[in-house]
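This briefing is meant to be read with the model open beside it. Please look through the sequence and the structure first, and then follow the topics below one at a time.

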Amino acid sequence: MRGALGGPRVLLRRLREVMAEPVSAQDRLDKIVVLIAANMVAEVCSVYVLRVDGTLELYATEGLNRQAVHETVMRANEGLVGLVAREAKSINLSDAHSHPAFSYRPETGEEIYRSFLGVPILRAGNTLGVLVVQNRAQRTYSEEEEEALQTTAMVVAEMIASGELSALARPGLEPAARQVLHLKGICIADGIGLGHVVLHEPRVVVTNFIADDVPKELRRLEAAVDTLRADLDVMIERGDVADGGEHRDVLEAFRMFAYDRGWMRRLTEAVMTGLTAEAAVERVQSDARARMLRQTDPFMRDRLHDLDDLANRLMRQLIGQDHAPSKESLPDNAIIVARSMGPAALLDYDRSHLRGLVLEEGGPTSHVAIVARALGIAAVAQIENAVGLVDAGDAIIIDGTEGDVHVRPPADIQSAYGEKVRFRARRQAQYQALRHRKTVTRDRESVALMLNAGLLVDLPHIEESGASGIGLFRTELQFMIRTAFPRTSEQLSLYQAVLDAAGDRPVTFRTLDIGGDKVLPYMRAVHEENPALGWRAIRLGLDRPGLLRSQMRALLKAAAGRELRVMFPMIAAIDEFDRARALVERELTHLRRHGHKLPDRVHVGAMVEVPSLLYQLDELFARVDFLSVGSNDLFQFLFAIDRSNSRVADRFDPISVPVLRALKMITDKGRAAGKPVALCGELASSPLGALALVALGYRVLSLTPSAVGPVKAMLLDLDAGKASALLTPLLERTVGSIKVRDRLQDFAAAEGLQL
Ligand code: PEP
Ligand code: MG
């Protein structure tokens with residue numbers, strides 16, 4: 001073919017001229033098909049565009065009956081064109097009639113053509129249509145011709161994506177590239193956000209597809225790949241963390257691909273067809289994405305993701321574009337869309353512009369989810385191919401309570417969500433009005449509602465929610481959002497900021513709770529069969545006392561001249577508490593000896609998270625200043641269900657006889673010992689859970705910030721004595737089949753409590 005009419009490079013050059021001509025969209029498409037047909041010595045060239053209803057419409061043809069344009073519509077499962085679209089793969093046949101998928105439309109007059117080459121029109125891995133050439137004679141299209149047609153398809157893809165073709169469509173049957181989408185994922189941060197898409201890794205917009213000078217493009221490609229490789233080598237040597245916050249294994253995978261000869265060959269070949277270096281990267285990347293979307297093996301999918309990421313890096317290298325959108329350019333209602341994201345990257349965005357986050361990966365326990373919740377923005381995860389389905393600036397709505405994402409939503413959906421947002425705002429205003437009221441039940445029982453926090457961004461919540469203090473400060477979050485261990489001085493300044501923000505209100509710091517699902521990306525991962533039962537929390541702290549000691553020193557210094565409350569996670573044996581407490585004493589002695597100002601008082605407590613403590617409560621109470629029940633872990637270990645495994649996490653009910661009996665035992669013994677007992681797990685953050693806890697005798701609850709309003713509103717209307725009178729006998733009965741949750745719900749309904 002090369003000799004025929006100048007080969008692919010000439011075709012591309014001519015295409016560029018056509019793209020620049022000030023003609024209508026239809027004229028441009030018509031010229032494109034004529035050009036391709038002539039260049040490839042084909043009798044037919046046709047463009048089929050995928051429509052929002054999933055069918056493929058003939059948009060232009062050279063060689064087939066012109067009357068069929070915009071009339072011929074194929075179902076997605078029809079014929080060879082449908083097959084190309086479905087599989088996002090080229091089909092190259094010298095005798096199309098003998099292919100089982102062959103079918104023809106008489107109105108097009110195509111039955112006389114025997115050879116067929118169809119390529120998908122791909123953009124970011126999504127099929128936007130199909131480009132076909134056909135010949136009467138049985139001929140074999142060369143690999144080079146297939147390449148050239150694929151390259152041409154890229155140009156057509158940009159035309160479709162730009163919206164230029166929408167003017168040619170019948171209403172409701174527009175090209176699928178701009179279609180309304182309703183996607184379903186999983187909720188990772190509550191809330192509703194309306195706004196516009198901001199791609200976390202902006203798709204580099206390739207404006208120049210066609211090379212003027214192929215050898216020069218090859219040199220640009222090689223130089224960029226060399227720099228990319230060198231950068232990766234340095235990053236791995238330095239022990240950096242990948243952009244998504246993942247472990248260094250990801251960087252290793254990048255490096256492996258960066259040196260892969262097959263990848264380099266595909267890029268080079270794409271440039272040889274006449275593309276610029278960046279257009280070549282886009283082509284190879286789009287193919288990888290298309291394969292990824294059809295890949296079910298999770299291992300292969302991950303590898304294709306890595307390849308996609310690598311291509312992104314290379315693209316940025318070529319275009320010299322910065323990786324994150326500049327803060328100034330963030331629109332007012334930004335909804336960030338990313339494949340995956342590290343927590344620090346989310347914190348880099350200006351909170352005042354953020355309305356939501358959509359991720360292809362991630363789950364409720366991911367670090368970025370923790371940050372999203374702390375920032376109070378809605379977030380939905382596990383939206384497949386989210387990045388490929390949206391364009392920067394698209395209107396988007398996310399519902400973090402249901403896991404819904406609406407892309408380019410129609411007016412009715414927009415107004416329905418607008419109403420939801422206003423309703424939530426009204427409810428928030430009602431809770432705000434309660435902010436300064438003390439939490440006292442109808443029968444005059446005072447309950448202290450504290451906050452669960454862990455980041456600087458959490459601190460404004462103390463004032464906003466009117467909480468009585470911080471009942472659980474998860475110190476590991478500072479470690480988790482970083483790319484390296486925070487120095488003692490950095491820890492110190494965070495703890496000081498927390499104590500300053502809390503003022504007179506108490507703050508309970510929990511020492512590092514890492515390990516299990518809380519991994520630090522910069523710490524070498526230790527492979528464990530059962531990480532939740534493994535080397536984590538206080539176990540790690542006692543075995544590596546340097547870390548715990550430096551944290552303790554930072555805490556003691558931060559609280560100089562004030563009260564310090566500190567507790568240890570995952571205590572399972574009395575001896576562990578004794579050793580941890582001894583470490584506190586040693587640090588106090590050290591600071592005293594060096595003339596540091598000390599806290600006025602240090603309260604040392606333990607978390608009750610491991611069931612073994614239930615049978616050592618007397619000994620424990622004799623030693624601690626206070627206890628705080630971590631009901632998330634206690635529940636996990638009581639029922640032997642992995643809290644991060646969605647298959648089992650919801651299998652049992654925490655508002656059930658065994659859990660409530662255990663919780664009652666702890667608070668009863670605390671009262672007898674004269675030691676305060678709080679509860680800081682998620683159970684306290686739902687009004688029904690809080691009702692149960694107050695009925696059991698708990699008077700200090702620590703909640704997620706957004707739960708303070710609803711829980712306080714419920715408690716103000718509650719008669720705690722009446723609730724205890726209902727609950728206590730239920731727990732004393734020996735029958736295990738009582739549905740405590742139902743009984744409490746009935747009680748709440750009868751009492752007019754808002755749950
Ligand atoms: C708990 O286990 O209940 C708890 C509060 O700790 P975390 O959720 O941080 O494990
Ligand atoms: Mg815990």
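The largest cavity has a volume of about 70 Å³, where a cavity is a set of points on a 1 Å grid over the protein atoms alone at which a 1.4 Å probe fits but cannot get out, and where the volume is the space filled by probe spheres set on the points, which are joined across faces, edges and corners. The structure is a predicted model, in which local features need pLDDT of at least 70 and side-chain atom pairs count only at pLDDT 80 or more, while totals for chains, interfaces and linings use all residues. Residues are numbered from 1 along each chain as its sequence is written, chains are lettered from A and ligands numbered from 1 in the order in which they are written, and side-chain values use heavy atoms, with hydrogens and water left out.

**Cavities**

- By this rule there are four cavities of 30 Å³ or more.
- The lining of the largest cavity, meaning residues with an atom within 4 Å of a point, includes Tyr48, Met74, Phe102, Glu110 and Gln134.
- Helix α4 (residues 79-87) gives the largest share of this lining, three residues, where helices (H or I, at least four residues) and strands (E, at least two) are DSSP runs numbered from the N terminus.
- Sorted by class, the lining of the largest cavity has six nonpolar, three polar and one charged residues; Ala, Val, Leu, Ile, Met, Phe, Trp, Tyr, Cys and Pro count as nonpolar, Asp, Glu, Lys and Arg as charged, and the others, Gly among them, as polar.

**Overall build**

- The chain is divided into domain 1 (7-178), domain 2 (181-202 + 326-425), domain 3 (214-319) and domain 4 (438-751), with bounds that come from an automatic or database domain assignment.
- The C-alpha centres of domain 3 and domain 4 lie 45 Å apart, and the C-alpha atoms of the chain fill a box of roughly 95 × 60 × 45 Å along the principal axes.
- The secondary structure comes to 27 helices and 22 strands.
- Of the 755 residues in the chain, 55% are buried, where buried means under 20% relative accessible area, exposed over 50%, and partly exposed in between (1.4 Å probe, protein chains only).

**Aromatic rings**

- The whole structure holds seven aromatic pairs, which are rings of Phe, Tyr and Trp (its six-membered ring) with centres within 6.5 Å, counted as stacked if the planes are under 30 degrees apart, edge-to-face if over 60 and tilted for the rest.
- Phe473 and Phe509 form an edge-to-face pair, 5.5 Å centre to centre with 65° between the planes, and this pair links strand β16 (residues 470-474) to strand β17 (residues 507-510), its two residues being 36 residues apart.
- Phe473 is buried, at a relative accessible area of 0%, and Phe509 is buried, also with a value of 0%.
- Phe479 and Phe485 form an edge-to-face pair, 6.3 Å centre to centre with 75° between the planes; Phe479 is buried at 1%, whereas Phe485 is partly exposed at 37%.
- Ring pairs link Phe473, Tyr495 and Phe509 into a cluster.

**Loop residues with positive phi**

- Most residues other than glycine have a negative phi.
- Val41, in the loop between α3 (25-39) and β1 (44-50), has a positive phi near 50° and is partly exposed at 47%.
- Gln382, in the loop between β12 (378-381) and α13 (386-389), has a positive phi near 60° and is partly exposed at 42%.

Definitions and conventions. 1 Å grid on protein atoms, 1.4 Å probe; cavity = no way out; pocket = protein on both sides within 12 Å on 5 of 7 lines; lining within 4 Å.
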